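Subject: Handover of a structure

Dear colleague,

Please find below the structure that I am handing over to you. My notes on what was found in it follow directly after.

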Amino acid sequence: MPFSPKKFIDSAVLHIRTTVGKEKAIIAVSGGVDSMAAAAIAHLAIPKQLTCVFVDTGLMRKNEAKTVSAAAEKVGISLKVIDASDTFFSSLAGITDPEEKRKAIGRLFIETFEKAAKKEGVSFLIQGTIAPDWIESGGGSRDKIKSHHNVGGLPEKMHLKLCEPMRDLYKHEVRMVARELDLPEEISERQPFPGPGLAVRIVGEITRKKAEIVRGACAIAEEEIEKAAKEGKIEKPWQYFAALLPTKTVGVRGDERAYQYIVVVRAVRSLDGMTVNFSHLPPELLQKISTRITNEIREVGRVLYDITNKPPATVEME
Ligand code: XMP
């Protein structure tokens with residue numbers, strides 16, 4: 001039977017109502033289509049029992065708090081922005097292992113939610129987890145690829161009860177649901193963004209400075225790729241962004257030797273993120289992205305393009 005977004009929304013509303021009952025719930029939106037769709041459904045189901053938050057971890061996209069608040073407002077959700085960036089950066093200092101990072105971020109998110117939940121007298125956490133998240137986190141009999149922060153990254157001793165109304169959906173189905181919910185197009189058609197945010201796009205240790213660099217590089221890559229797609233020069237990739245490597249290489253700025261960071265640009269075609277093929281972006285577009293990144297971000301001296309499929313790579317670097 002073909003997937004019916006309308007029927008799905010009705011059953012998800014019912015599921016949330018019966019799961020949460022008369023208690024209160026909190027949901028965190030990240031700006032991605034999954035959490036936004038989950039928030040819109042939760043808002044339909046239990047508007048008076050729901051608190052919606054946006055946690056600014058310092059690892060979100062450029063201008064994200066504003067973009068997300070405006071989108072939420074359009075569907076009647078008023079968003080509380082929590083600035084937790086100091087806590088995130090200080091707690092992540094010194095961590096270089098990707099799984100350790102993901103687990104630490106999961107813990108920090110939960111601590112932030114629990115703090116907010118206590119204030120509001122909330123006992124449920126609603127999450128926009130979708131099927132690939134738990135499958136790749138080692139769900140069923142599968143091997144763990146990585147702990148998606150909203151699944152395997154959650155601490156076992158979380159005090160909040162969990163409600164995940166979209167667990168069985170794949171990304172293209174979530175987009176159908178988002179369109180049915182009348183979410184703004186910039187959300188329903190928005191490319192995926194990982195729960196841990198830019199943390200998985202900074203290979204190795206995370207610092208505030210590195211977050212700024214990768215945020216700027218991501219914004220440039222997004223802007224140029226979206227512009228090229230709008231002008232009909234390319235088919236819009238499924239996901240496209242930039243990541244930062246921990247090593248520096250030698251270059252020249254003016255007449256002087258420079259020793260600067262490497263940024264990796266990645267753009268992929270996919271249906272659900274489970275397998276991807278890298279996009280064959282035209283050289284002129286890649287050159288524009290590279291020139292802008294090295295001109296506008298002084299700490300970056302080299303830009304590479306990732307030509308690896310998944311498998312063997314994953315979409316994100318960590
Ligand atoms: P990977 O890197 O696992 O990414 O090939 C597949 C898709 O999932 C996104 N991703 C995440 N989404 N929480 C999420 O909600 C996470 O922890 C997470 N890690 C990766 C990634 O951006 C891609 O779309």
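This is a predicted model: local features need pLDDT of at least 70, side-chain atom pairs count only at pLDDT 80 or more; totals for chains, interfaces and linings use all residues.

The phi angle of Asp-182 is positive, near 65 degrees, although the residue is not a glycine. Most residues other than glycine have a negative phi. Is Asp-182 buried or exposed? The residue has a relative accessible area of 65%, and exposed means over 50%, so Asp-182 counts as exposed.

A second residue of this kind is Asn-63, a residue other than glycine with a positive phi, near 60 degrees. Asn-63 belongs to the loop that runs between strand 2 (50-56) and helix 3 (64-74). Its relative accessibility is 53%, and Asn-63 is therefore classed as exposed.

The bond from Lys-310 to Pro-311 is cis, and its omega is near -15 degrees. Pro-311 is located in the segment after strand 9 (300-305). The bond that joins Pro-311 and Pro-312 is cis as well, with omega at about 10 degrees, and Pro-312 likewise lies in the segment after strand 9. For comparison, most peptide bonds are trans.

I turn now to the ligand. Where does the ligand sit? Its place is the largest cavity. There are 18 residues around the ligand, and those that come nearest are Lys-146, Gln-239, Lys-310, Val-315 and Glu-316. By type, the residues of the shell comprise five nonpolar, seven polar and six charged.

- Glu-316 places a polar side-chain atom 2.6 Å from a ligand oxygen atom.
- Arg-102 has a polar side-chain atom at 2.8 Å from an oxygen atom of the ligand.
- Val-315 contributes a backbone N or O atom, which lies 2.8 Å from an oxygen atom of the ligand.

How much of the ligand does the protein bury? Taken alone, the ligand exposes 490 Å², and 94% of that is buried by the protein.

Yours sincerely

How values were computed. Residues are numbered from 1 along each chain as its sequence is written. Side-chain values use heavy atoms; hydrogens and water are left out. A residue is near a molecule or strand if one of its heavy atoms lies within 4 Å of it. A polar contact is a pair of N or O atoms within 3.5 Å; within protein, one must be able to donate a hydrogen and the other to accept it, and residues adjacent in sequence count only if both atoms are side-chain atoms. Accessible areas come from the Shrake-Rupley method with a 1.4 Å probe; for residues, only the protein chains shown count as cover. On a 1 Å grid over the protein atoms alone, a cavity is a set of points where a 1.4 Å probe fits but cannot get out, and a pocket is an open set with protein on both sides within 12 Å along at least five of seven lines; lining residues have an atom within 4 Å of a point. A molecule sits in a cavity or pocket if more than half of its atoms lie within 2 Å of its grid points. Ala, Val, Leu, Ile, Met, Phe, Trp, Tyr, Cys and Pro count as nonpolar, Asp, Glu, Lys and Arg as charged, and the others, Gly among them, as polar. Helices (H or I, at least four residues) and strands (E, at least two) are DSSP runs, numbered from the N terminus. Buried means under 20% relative accessible area, exposed over 50%, partly exposed in between (1.4 Å probe, protein chains only).
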